[in-house]
Amino acid sequence: MPRKVWILFIGMFINVTAISFIWPLNTIFINGHLGKPLWIAGLVLTFNSLASVIGSMLGGYLFDKMGSYRTIVIGISISVVGAIILAIDHGWYAYVPALLITGFGSGMVFPAIYALAGKVWPEGGTKTFSAIYVAQNAGMAVGAALGGYIASYSFDYIFIGNAVVYVVFTVFVIATFRGMANDSERKPSKAKSEERGWRKVSPSMRALLFLCIAYIFCWFGYTQWQATISVHMERLGIDLKMYSLLWTINGLCIVCLQPLITIILPKIFKSINRQMVAGMFIFCLSFLLLIGAKGFNMFLISMIVITLGEMLVWPAIPTVANRLAPPDKVGFFQGVVNSAGTVGKMVGPLIGGLIVDLSDINLLFIVIVALIGVGMVITSVYDRGLPKELQTDPEYAS
């Protein structure tokens, strides 16, 4: 990989390490330590995700208007403020606003880094976004492992660790990201269409929005691992360290296998659409395995299966967004994709918590399988009608 992509790799790793100190443990902390019911915990995470959606759209917009460096610095500075508040006071009345501030700031950073990666190594194709995805998951593995271990002694320390790593990320960005891309180079926008309503939306944006529906369904299911499934495992008597171990295994599998998978995927699936559909099918299988699960081993198997699925789906979505985006809207398209994933994270804890509270977790797994099944159908047809050079099915986007 080019040196600039390695810098982005390291930056994303540090950023997600900071986030992962508390990200998988939010529901447990709100429910078990702050004494709030599961649906309240879901509501808090919903608002956190909403803040991230707004941040993602703003981050993508600012990337196109003012460049990558300033956008990322603004986003990470906001996150640092939220992290410091959490380190000082993580009682109920400080926890919620600080979490919203952190979510908004991190929402700005993610689409900017993905858009910048596509800009500095456009010929990398899928390999570019797979590299950032690997960095993201390596950070998640390290952060979750450290967070779970530290939280088993005291939750106070994970908030301090979260703030410290955010500060490290800020210093790294200031030292290395300036001049990463020539942000002054902007290609002019095309003339505005006289059409109104849905027809005014470009065909490439319409295709991306349909794909984002499937992306939302996938994240709705995936986020249950940080929300309802974490609490379910705790109620089954599975130790917190074992739950954190699942995320460590998830991250290690991705770090070790993703580079190899990126090479062989075009030979197996021939098109990125088929790759995404296959990944969603594996998602469904992982949740079917959880129905009636009682012991840690079944949760471990399910986590390994869903990890295989996400390795097919998660890097593919930003790759498609980068391919569909006009040159002057790369940041905006990545902001839309990141926002869609965050919408899934936003509604997942709330609706998942309500389903579990009103019925049981097995019903939730069935609902997830049905939704992702719909997503598979959408993914099969989302780019039909696009010009051939924009379609991702006839020619593998790599």
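Me: What makes Phe210, Ile213 and Ala214 residues that Ile378 touches?
Reply: Contact means heavy atoms within 4.5 Å. Ile378 reaches that cut-off with Phe210, Ile213 and Ala214, when residues up to four places away in sequence are not counted. Before we go on, please note that this is a predicted model, where local features need pLDDT of at least 70, side-chain atom pairs count only at pLDDT 80 or more, and totals for chains, interfaces and linings use all residues. Residues are numbered from 1 along each chain as its sequence is written, and side-chain values use heavy atoms, with hydrogens and water left out.

Me: Why is Ile378 called buried?
Reply: Buried means under 20% relative accessible area, while exposed means over 50% and partly exposed lies in between (1.4 Å probe, protein chains only). Ile378 has a relative accessible area of 17%, so the word buried applies. You can find Ile378 in helix H15, residues 361-381. Its C-alpha atom is separated by 9.2 Å from that of Val277, a residue 101 places away along the chain.

Me: How do you know what counts as a helix, and how many are there in the chain?
Reply: Helices (H or I, at least four residues) and strands (E, at least two) are DSSP runs, numbered from the N terminus. By that rule the chain has 15 helices and zero strands.

Me: Why is Leu86 called buried?
Reply: The relative accessible area of Leu86 is 0%, and therefore Leu86 is buried. Leu86 belongs to helix H4, residues 68-88. Setting aside residues up to four places away in sequence, Leu86 touches Ile22, Tyr95, Ala98, Leu99 and Phe159. Asp156 is 70 residues from Leu86 in sequence, with 9.3 Å between them in space, C-alpha to C-alpha.

Me: And why is Val16 called buried?
Reply: Val16 has a relative accessible area of 6%, so Val16 is buried too. Look for Val16 in helix H1, residues 3-20. Apart from neighbours within four places in sequence, Val16 is in contact with Phe110, Gln136, Gly139 and Met140. Asn137 is 121 residues from Val16 in sequence, yet they are 7.7 Å apart in space, C-alpha to C-alpha.

Me: What makes Val336 buried?
Reply: A relative accessible area of 9% does, so Val336 gets that name. Val336 has its place in helix H14, residues 330-358. Once neighbours within four places in sequence are left aside, the contacts of Val336 are Met57, Met205, Leu208, Leu209 and Cys212.

Me: What makes a set of residues a nonpolar core, and which residues have the most contacts inside the largest one?
Reply: A nonpolar core is a set of buried Ala, Val, Leu, Ile, Met, Phe, Trp, Tyr and Cys residues joined through side-chain atoms within 4.5 Å. The largest one here has 124 residues, and Trp225 and Phe287 have the most contacts inside it. Helix H5, residues 92-120, gives the most to this core, with 12 residues. Leaving out residues up to four places away in sequence, Trp225 touches several residues, including Tyr243, Trp247, Phe287 and Phe299.

Me: How do you know whether the radius of gyration agrees with that of a compact globule?
Reply: The radius of gyration is taken over C-alpha atoms, and the globule rule is 2.2 Å times the number of residues to the power 0.38. For 398 residues a compact globule would have a value near 21 Å; the chain has 20 Å, so the two agree. The C-alpha trace spans about 55 × 45 × 45 Å along its principal axes. Of the 398 residues, 58% count as buried.
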